[in-house]
Amino acid sequence: EFRRVLFRSSGLCMVENRDKRNVPPELQDAAAKAESAFRRWLSGYVCKNLGRTARERLASIRADEKLRHLIELYPAIESCEKSVFFMTTDKFYMNNSTIVEPSYSFLDSDITKGALVFLDEFDACKDAILNHQIEEAAKNAVGNVFGLIKKIGDSFDSPMTEDFFAGEPESNGHNAAYVYQEIKKKFHDEAREKRLNVTFKYRGEQDAPKSFIFKDTDHITILEQKKSDGKFLALDESKPTLNYIYKADVKDGKKATLNGALMTAQGDIEFFARGIAIAARDLMAHAHDVQHRDLSVTDAVHTCLERFDLSEQEIEYFMPIVLSDFTRKKRKAEGSMSPEFYERGFSFNSMADQDASYLETKIKSVSLSSTPESYLCALASQAYVVGLSATATLRSSTGNFDLSYLQSKLGEAFYRPTPEDKARMAAQIAKQMK
């Protein structure tokens with residue numbers, strides 16, 4: 001299997017070196033999928049059979065003549081022995097897969113604690129990070145927000161879920177048993193009272209342009225590709241198991257609204273994410289104290305989410321939302337945009353009517369729960385980050401990091417070189433260049 005993957009990869013590399021335009025996209029995708037599958041299999045084999053720690057597994061690979069070539073193929077295998085890393089921003093942001101240990105994020109790893117991180121072309125790093133965050137958000141979109149609320153509520157009927165969170169709830173709310181009780185109350189009981197677990201159906205022309213709801217710090221509704229002045233999306237709650245969505249005039253007075261239901265649903269989702277973060281911390285502490293093993297933040301969060309009968313895509317939707325709870329730095333912040341936007345991101349919701357689900361209108365949600373600013377702030381809270389760029393201080397909320405926000409969040413840890421600093425560094429460089 002290894003030789004077949006290596007042969008295909010080598011053939012692809014030779015073709016790419018000659019003329020990348022001649023490489024069919026299908027071939028590139030096939031090679032990437034084959035290599036990814038092989039890497040996962042290899043990592044599982046190495047971790048299971050070649051030792052208990054990354055260093056033991058590395059020593060086993062070096063000692064086996066048949067396996068030594070893996071170090072040349074995957075240089076990251078030696079990461080546990082390295083202290084200096086050179087890589088692109090893309091690779092730094094993505095999980096580091098070393099084969100000899102489970103993949104990990106540099107942000108969650110001890111490698112970056114107290115480390116010195118240089119970001120060349122500092123302002124361009126924002127674009128690289130943002131592109132990854134957008135791709136992750138689009139890939140992990142939830143196809144039905146209210147269906148997700150119902151699914152989490154229904155999972156409390158499973159004994160497996162209750163057994164996992166068994167124990168005496170702590171009064172301060174900092175253990176998994178307390179989290180279980182609070183989430184059950186909100187999703188199993190309150191969701192039924194607030195009619196979030198019923199079917200939603202848009203009552204209007206099937207072929208008309210659909211309505212979109214965009215949410216960050218405010219809610220903006222757009223109907224039929226134009227701003228909905230004088231109109232809003234109301235809910236007819238007269239049916240026991242059905243909420244009809246329809247257009248209503250503002251002058252008609254107060255009614256139950258789709259915005260209101262979505263705000264409640266988004267609040268419940270954030271509540272669920274915070275609860276999972278608490279449960280994950282409890283699980284990590286248990287693994288360390290009882291089993292004497294260090295469980296990564298990512299693995300702990302994934303384990304807790306699995307208890308709620310969620311699909312893999314739904315788990316991936318929640319992962320960045322929960323992980324942001326571990327990296328969010330608590331400090332009053334200022335910037336050219338609302339601090340809440342940088343720290344909580346935004347969500348975009350759209351309605352979809354399909355013949356395959358003729359009796360239900362699904363509310364799709366894409367959630368960008370993190371931003372380049374919040375990522376950099378989390379990194380700078382545990383590492384010494386040096387940004388190198390001639391244009392990093394130009395004021396631009398789209399092209400550059402918002403330095404005002406970073407400074408207000410990091411406080412005294414944020415430092416701009418003074419003219420004296422720059423003169424001293426220029427003199428030192430000139431001296432070394434002689």
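Helices (H or I, at least four residues) and strands (E, at least two) are DSSP runs, numbered from the N terminus. With those labels in hand, let's take a tour.

Residues are numbered from 1 along each chain as its sequence is written, and side-chain values use heavy atoms, with hydrogens and water left out. This is a predicted model, in which local features need pLDDT of at least 70 and side-chain atom pairs count only at pLDDT 80 or more, while totals for chains, interfaces and linings use all residues.

**The whole chain**

Begin with a cartoon view: the chain has 16 helices and ten strands. Of its 434 residues, 40% count as buried, where buried means under 20% relative accessible area, exposed over 50%, and partly exposed in between (1.4 Å probe, protein chains only).

**Stop one: Arg195**

Select Arg195, in the loop between α9 and β2. Arg195 counts as buried because its relative accessibility is 14%. Leave aside its neighbours within four places in sequence, and Arg195 is in contact with Phe200, Glu237, Lys239, Pro240, Leu242 and Asn243; contact means heavy atoms within 4.5 Å.

**Stop two: the largest nonpolar core**

Show side chains for Leu258 and Phe318, which touch the most other members of the 50-residue largest nonpolar core. Such a core is a set of buried Ala, Val, Leu, Ile, Met, Phe, Trp, Tyr and Cys residues joined through side-chain atoms within 4.5 Å. Elements that each supply at least two residues include α7 (145–154), α9 (176–193), β6 (231–239) and α10 (258–289). Which helix gives the largest share of this core? Colour α10, the source of 13 residues. Another core, of 25 residues, lies apart from this one; select Phe92, Phe106, Leu406 and Leu410 to see some of its members.

**Stop three: His302**

Move to helix α11 and select His302. Is His302 buried or exposed? It is buried, because its relative accessible area is 19%. Beyond the neighbours within four places in sequence, His302 is in contact with Glu312, Ile315, Glu316 and Met319.

Select residues 372–380, helix α14, where eight of the nine residues are buried. Among those buried are Pro372, Glu373, Ser374 and Tyr375.

To look at where they meet, show Glu373, Leu376, Cys377 and Ala380 in α14 with Tyr405, Leu406, Lys409 and Leu410 in α15. By class, this contact has six nonpolar, no polar and two charged residues. In that count Ala, Val, Leu, Ile, Met, Phe, Trp, Tyr, Cys and Pro are nonpolar, Asp, Glu, Lys and Arg are charged, and the others, Gly among them, are polar.

**Last stop: two loop residues**

Select Glu121, in the loop between β1 (116–120) and α6 (122–139). Its phi is near 50 degrees, a positive value in a residue other than glycine. Glu121 counts as partly exposed because its relative accessible area is 47%.

Finish at Asp309, in the loop between α11 and α12. Phi of Asp309 is near 55 degrees, again a positive value in a residue other than glycine. With a relative accessibility of 42%, Asp309 is partly exposed.
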